[in-house]
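Q: Could you take a close look at one helix in this model, and explain what it packs against and which of its residues are hidden from the surface?

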Amino acid sequence: MIFAIGQQLVALTVGLMFLLVMWYRPGWAVFAAISSAVLLDCLEVGTDGLNLGVNVYVDDLACLALLLTGVLLLIRYRKGVRKGIPPDAVPCVILLTLLVLSLSRGVSIFGLKQAGNGVRSLFAFTVPALAIMLLRPVLRLDAGRLARWLGWAGSCFCAIALLRWVGALPTPVSLQSDLREVARTLNADPALVVGQAFIASIYLVIKERRRGWWWWAAAGMFGVVTLTLQHRSVWVATAAGAVWLTFRTGRLSPVRWLALGATAMVAFFFIMITDSAIMESVREIVGSDVSEMRSEHSTWAWRVQGYTEATDRVFASGAVDLLLGPPAGWSANSEGSSASIHIHGRYVETLAYNGFVGASVLLVWFVVLIQRVRRRAHTPSKMQLLSRSSRALLQAILISELVYFIPYGGGILQSAVLGLVGIAASQWVFQQRGRRLVLVHARALCTADSAVLASQQ
């Protein structure tokens, strides 16, 4: 009895302390919730969850903490929910409204447990981005800081992958497969962050003129790890972002790109000469993945079959299910194939679970982000390199995310990256406008001073 009371007191004390952190340090609260959930998921701690009528997992608790932090942010900084939601966050709020509507419909038909499990994916994808976008009054973020954050996150995931490769950390059973020469040591979501860290390190090579050597080494490490993680979807998404960054910054810093390309070629030939086993291993990795992709039983063929079946089911539904999606929990009672129920693709999954309204809102959200990172900067000529390369980085990260959502649904990590890109793009545009106002004001003062001097003469 005393032990149970002590546990309750400890839980109450921890909860009150976390509420204080949410109120006074909301940025740290959001960071702690996201990083804890991602780390525990990566180490597969707490995978069994907690049965409270509906299974509650680490991601669910993290998202609940993020949602509460967002509400406190609205109360403290924006004077209420009605006036405080920024326009960028409106699509996320609409998606959460559709989630609540689907949950309420599903509970009355299938019960709380099945309905709750049916809305988990959209909940984990929407809440982190919403909480981060509500941090805009207290979070100062530019492209350079975002690149460094991605670099640190990619370094942490690289460390976990290396520890698993050498046997210091056990590799989860879910990642073990006999189809590949090199076993996967990370899921696709953290692997994409490693690929985005590769893109970010290239940007920092261009930006850091005096300290770029460190990011040259980081770019090489992230590139090698991205390749050896053996996620084809991550390869494609990373390549799309890297190509876009190259296209957008090639004319701005040709010397840097020439030096980067020359260094990569020298390193490649040096590896070929010194250790042919490494090149053979790389050839086997790429060859096994390409041959598996071309086979009739590849995972891509499995996904496409599921996409087709899921979209056919959507078009065959009634008017309400076609617009808003079926009630949550329907998948547990469906006779469809596993690929059409556990859909690996954010676009098709949103269409299948939230109907045309949900898919349309999702696309509107992405269009808003695209427009946000495409805005032109009005800066002095000497700052054009920095502003254009910063915009190119945000565009490259966003492109990698949008490409990744074709074969994967994404989770807390990808949602957090979308929120950070939105904040960086918004504050970057605001800063550029501020610089333009300062420049105009300075020119006006110079003109006034010239007029005074002329009148005195």
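A: The model is a predicted one, and within it helix H2 covers residues 26-42. H2 has 17 residues and reaches 24 Å from its first C-alpha to its last, which is close to the 24 Å expected at 1.5 Å a residue. After the helix comes Glu 44, whose phi is positive, near 55°.

Two packed helices are described by the angle between their axes and the distance between the axes. Here the axes of H2 and H3 (residues 58-77) come within 9 Å and cross at roughly 170°. Because angles over 145 degrees count as roughly antiparallel, H2 and H3 are roughly antiparallel to each other. On the side of H2, the contact is made by Pro 26, Ala 29, Val 30, Ala 33, Ile 34, Ala 37, Leu 40 and Asp 41, while H3 contributes Val 58, Asp 59, Ala 62, Ala 65, Leu 66, Thr 69 and Leu 73. Sorted by class, this contact has twelve nonpolar, one polar and two charged residues.

An α-helix has 3.6 residues a turn, so residues three or four places apart point the same way. The buried residues of H2 are Pro 26, Ala 29, Val 30, Ala 33, Ile 34, Ala 37, Val 38 and Cys 42.

As for cysteines elsewhere, the structure holds zero disulfides. Cys 156, for example, is in no disulfide, and the nearest cysteine sulfur, that of Cys 158, is 9.3 Å away.

Notes. Residues numbered from 1 in each chain as written. Predicted model: local features only at pLDDT ≥ 70, side-chain atom pairs only at ≥ 80, totals over all residues. Heavy atoms only, no water. Disulfide = S-S within 2.5 Å. Axes fitted to C-alpha atoms, helices over the stretch in contact; angles between N-to-C directions. Helix = DSSP H or I, 4+ residues; strand = E, 2+ residues; numbered from the N terminus. Parallel < 35°, antiparallel > 145°, perpendicular 65-115°, else oblique. Contact = heavy atoms within 4.5 Å. Nonpolar A, V, L, I, M, F, W, Y, C, P; charged D, E, K, R; others polar. Expected span 1.5 Å × (residues − 1). Buried < 20%, exposed > 50% of the residue type's maximum accessible area, 1.4 Å probe, protein only.
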